[in-house]
Structure formats: structure tokens, C-alpha cells
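Subject: Structure handover

Hello,

Here is the structure I said I would pass on. My notes on it follow below.

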Amino acid sequence: MSGRKQFDVTAALDQAMRVFWQRGYADASLGALASATGLGRGSLYGTFGDKDALFRKSLDRYVDTYGVQYEQALASHPGDPVRAIEAFFDVVLARIADPSVPAGCLIAHSAVHAPILKEENSVHVRALLDTQRARVRAALADSAAEPRVLDELTTYIVAVNQSLAVLSRAGASEAELRGVVRLTCATVADTLERAAREQPARA
């Protein structure tokens, strides 16, 4: 039928996402993207726009694939923020351990290269990080700790999450990554417990 695409657009986007994930924006050439998607450059441009538009669509596809899992994990233990953070990191480690996907995290990899990205792409990456931060902050909201403490913990948790992606890409073992997560969750628990004890003293 005239005008109807003869390929699976979502599957092609998934392949493009993997190229950006594996190589990063700068090294994801149009040739590599065309080869991975099985599309000629004309079809690639006609379907997704230019490389920058395809990059942003790939970031959104990554978030659509994994963001829902993170959100569900963070919401899985209402009233128990420590368990929620543990569940979040369980999902993160499962993604890292999945041999069918590239090492690391597309958003973390893109954030590292933010200085060389076009402003629109850099802003998009930052917005996705802010979304992750908001999800983590919401999971901590039931704590009795002061907002400042919760804000600091949120930044800490997001920073550890991004660090896990970098460490995994550098070849850190699963045991090493789980050690980082174990200490992180212990720090979160200790911080929230201490904050709860101090609340009556401030009242």
C-alpha cells in the first residue's frame, strides 16, 4: 500500500537505541544506525528525523522500557522507603546483569557526554535525570526526615545509580556492584533512622 511503512518502526528504534547505548552519541554514525536498523539513510531520516531527533527518541524509548520498572519498584513499599530503594536497586542490577543489552545505562552514558551534545539533547538528558530524581524523592517522602535530608539522600541515590552504570561499563563484577548497593541502602537506612530520632528533639 502506498505510503505505508514496510518495517517495524518500534523494532528499528530499539536497534537505534542500542547503537547509542553501546557507542554513545558521538560515535553512533549514521552508517552504524542505518546498518543496525536495516534502513537506508532516506528511510531513517523520513521516519525519525535527523540524528539528534533519533537520539532523543532513543532516550525516550529507553525510559519507556526501564522507567516503568523503576517507578513500580519505588512505589512497591508504601511507608517503607528503605525497602523501596532496595527494590529500585534490584531492578537496576537486573538490567546491568542482562547479557542481552549493552553494558551501563544509556542515560548515564549520555550524561557523561553532555558537554559535547547539542543544547537540546543535553537539556533532554538532564530532564530525564530530573524525572529519575523526582521518582526517588517521592519514594522517600513518607520518612519523618526533614526535606533537606531527603533532598540530599535523593541526590546521593541518583549519583550511586549513575556510578553503577559507569562501573559496570568499566568491568566491575556483579559482586562489587552489589557491595556498593548494600552499603548505599545501609547508609539510607541509617540516615533516615537518625533523622527520625532527632525529630522529637527539634520539636
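What share of the residues of the chain count as buried? Of its 203 residues, 43% do. Please keep in mind that this is a predicted model.

Overall layout

The chain has 9 helices and 0 strands, so its pattern along the sequence reads α-α-α-α-α-α-α-α-α. The C-alpha trace spans about 70 × 35 × 35 Å along its principal axes. Among contacts between residues at least 6 apart in sequence, 66% join residues at least 24 apart.

In soluble globular proteins, nonpolar side chains tend to be buried together. The largest nonpolar core in this chain has 60 residues, and Tyr62, Phe89 and Ile107 have the most contacts inside it. Helix 5 (residues 81-97) gives the most to this core, with 10 residues. Leaving out residues up to four places away in sequence, Tyr62 touches Met17, Trp21, Gly67, Tyr70, Arg95, Gly104, Cys105, Leu106 and Ile107.

Helix 4 and helix 7

Two packed helices are described by the angle between their axes and the distance between the axes. For helix 4 (residues 51-74) and helix 7 (residues 119-139), the axes come within 11 Å and cross at roughly 5°. Helix 4 is therefore roughly parallel to helix 7, since angles under 35 degrees count as such. On the helix 4 side, the contact is made by Asp52, Phe55, Arg56, Leu59, Asp60, Val63, Gly67, Glu71 and Leu74. Helix 7 contributes Glu120, Asn121, His124, Val125, Leu128, Arg135, Val136 and Ala139. Sorted by class, this contact has 8 nonpolar, 3 polar and 6 charged residues.

Arg133 is also found in helix 7. Its relative accessibility is 27%, so Arg133 counts as partly exposed. Apart from residues up to four places away in sequence, Arg133 touches Asp151, Thr154, Thr155 and Val158. Arg133 and Ala94 are 39 residues apart in sequence and 20 Å apart in space, C-alpha to C-alpha.

Helix 8

Helix 8 (residues 147-169) has 23 residues. From its first C-alpha to its last it reaches 33 Å, close to the 33 Å expected at 1.5 Å a residue. Its buried residues are Val149, Leu150, Leu153, Thr154, Ile157, Val158, Val160, Asn161, Gln162, Leu164, Ala165 and Ser168.

Setting aside neighbours within four places in sequence, Arg169 is in contact with Trp21, Gln22, Arg23, Ala103, Gly104 and His109. Trp21 and Gly104 are also touched by Tyr62. Arg169 and Ala103 are 66 residues apart in sequence, yet 5.1 Å apart in space, C-alpha to C-alpha. Just after helix 8, Gly171 takes a positive phi of about 100°.

Regards

Conventions
Residues are numbered from 1 along each chain as its sequence is written. This is a predicted model: local features need pLDDT of at least 70, side-chain atom pairs count only at pLDDT 80 or more; totals for chains, interfaces and linings use all residues. Side-chain values use heavy atoms; hydrogens and water are left out. A nonpolar core is a set of buried Ala, Val, Leu, Ile, Met, Phe, Trp, Tyr and Cys residues joined through side-chain atoms within 4.5 Å. Buried means under 20% relative accessible area, exposed over 50%, partly exposed in between (1.4 Å probe, protein chains only). Helices (H or I, at least four residues) and strands (E, at least two) are DSSP runs, numbered from the N terminus. Contact means heavy atoms within 4.5 Å. Axes are lines fitted to C-alpha atoms, for helices over the stretch in contact, and angles run from 0 to 180 degrees between N-to-C directions. Angles under 35 degrees count as roughly parallel, over 145 as roughly antiparallel, 65 to 115 as roughly perpendicular and the rest as oblique. Ala, Val, Leu, Ile, Met, Phe, Trp, Tyr, Cys and Pro count as nonpolar, Asp, Glu, Lys and Arg as charged, and the others, Gly among them, as polar. The expected span of a helix is 1.5 Å times one less than its number of residues.
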